[in-house]
Amino acid sequence: MVEIQALPETSIFGQIADHQHEQVVFCHDHETGLRAIIGIHNTVLGPALGGTRMWHYATEAEALNDVLRLSRGMTYKAAISGLNLGGGKAVIIGDAKTIKTEALLRKFGRFVQNLNGKYITAEDVNMTTKDMEYIRMETKHVAGLPESMGGSGDPSPVTAYGTYMGMKAAAKKAFGSDSLAGKRIAVQGVGHVGTYLLEHLTKEGAQIVLTDYYKERAEEAGARFGAQVVGLDDIYDQEVDIYSPCALGATINDDTIDRLRCAVVAGCANNQLKEENVHGPALVERGIVYAPDFLINAGGLINVYSEVTGSTRQGALTQTEKIYDYTLQVLEKAAAEGLHPQQAAIRQAEQRIAAIGKVKSTY
């Protein structure tokens, strides 16, 4: 019997092993300046589908950590939503305002093509349906294309709708009613998804406090929705009913968790808990209801999946609406079994993967 040596957690392979990934691809092209990482976490349920994010990471190690966490989350997101998809994600390292070109995107498309359908990409942070058009020139393994090309279009509205449904379910658990009218909600990040979420919240009569990495965007959203605008770091100190992280991940951490003054955390950002089994229980101890991130932000994946399967936008919206019921089920399961909500959601997702894995074991 071969003895498997434990890998240092700080090493690249150690991190891959820790997250239990199947494959990680490093992509580099000197001519276009492309530096990208594709993470394929699990393909038991189907091909790994997940968007490509372009971000100016401080270090390559930070980019690797992000793609590993994001792709793992996509596995759970697909599984808990009942989709026949695996989990994958990609990051392109650099400032979208300065490095994004047609050539760079098409070169990235070539790397996706070389995976022969094991990974299907789509848009994520700082990427658009137009960018998907460029990638599509080099590979058929891309979703989130414009509706004019037969695609499902921008997934942001559907992601926001699912987050809204999940937020209402969490409110039902915390307050006894799912009405958000009059509720004070702190929204951190008003990009594409965050802005669509604001439309739902203000339409229902919620009072909004918001912030964003880009000050001008925050001020524009504040003026449009009649919301109070605060500084990036000040968002954690607001006296609110609901805190909604809708930007990058890990905003619930050792430095912020004791500052939260809310009864519910429900947002569309991925990987909101910096350490799931530390900060998840900490929220429970503080009596804060947490809506699992990969569950309530699954609307975008559901929308893109409809493109892959040939379903309609209305079908995607109908399935996304079920996030309300799924969220209530997970919150009840967590309470009944003494788990924190993220743990309960992961367990439910892993149970489906294990069950379907056994089905596929017969050739």
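How many disulfides does the structure hold? The count is 0. This is a predicted model.

**Cysteines**

- A disulfide is a covalent bond between the sulfur atoms of two cysteines.
- For Cys-246, the closest cysteine sulfur is in Cys-268, at 3.1 Å.
- That is too far for a bond, because a disulfide needs the two sulfur atoms within 2.5 Å.
- Seen from Cys-268, the closest cysteine sulfur is that of Cys-246, again at 3.1 Å and too far for a bond.
- Cys-246 is buried, at 11% relative accessible area.
- Cys-268 is buried too, at 9% relative accessibility.

**The sheet**

- Strands of a sheet pair through backbone hydrogen bonds, either parallel or antiparallel.
- Strand E6 (residues 184-188) pairs with E9 over 4 bridges, in the parallel sense.
- Within that pairing, Val-187 stands opposite Ser-244 of E9.
- E9 also pairs with E10, parallel, over 2 bridges.
- There, Ile-242 stands opposite Val-264 of E10.
- Strand E10 (residues 264-265) is joined to E11 by 2 bridges, and the two run parallel.
- Val-264 has Val-289 as its bridge partner in E11.

- Thr-251 sits in the loop between strand E9 (242-245) and E10.
- Is Thr-251 buried or exposed? Thr-251 counts as buried, at 10% relative accessibility.
- Leaving out residues up to four places away in sequence, Thr-251 touches Gln-188, Tyr-236, Tyr-243, Pro-245, Thr-256 and Gln-272.

**The cavity**

- Rolling a probe the size of a water molecule over the atoms shows where empty space is left.
- The largest cavity has a volume of about 70 Å³.
- Its lining is made by Leu-70, Arg-72, Gly-73, Met-74, Tyr-76, Lys-77, Asn-270, Asn-271, Glu-276, Asp-293, Phe-294 and Gln-342.
- Helix H2 (60-80) and helix H10 (293-296) are the elements that give two or more residues to this lining.
- H2 gives the most to the lining of the largest cavity, with 6 residues.
- By class, the lining of the largest cavity has 4 nonpolar, 4 polar and 4 charged residues.

**The second largest pocket**

- The lining residues are Ile-12, Gln-15, Phe-26, Cys-27, His-28, Arg-35, Ala-36, Ile-37, Glu-60, Ala-61, Leu-64 and Ile-93.
- By class, the lining of the second largest pocket has 8 nonpolar, 2 polar and 2 charged residues.

Key:
Residues numbered from 1 in each chain as written. Predicted model: local features only at pLDDT ≥ 70, side-chain atom pairs only at ≥ 80, totals over all residues. Heavy atoms only, no water. Buried < 20%, exposed > 50% of the residue type's maximum accessible area, 1.4 Å probe, protein only. 1 Å grid on protein atoms, 1.4 Å probe; cavity = no way out; pocket = protein on both sides within 12 Å on 5 of 7 lines; lining within 4 Å. Points joined across faces, edges and corners; volume = space filled by probe spheres on them. Nonpolar A, V, L, I, M, F, W, Y, C, P; charged D, E, K, R; others polar. Pairing = 2+ DSSP bridges. Contact = heavy atoms within 4.5 Å.
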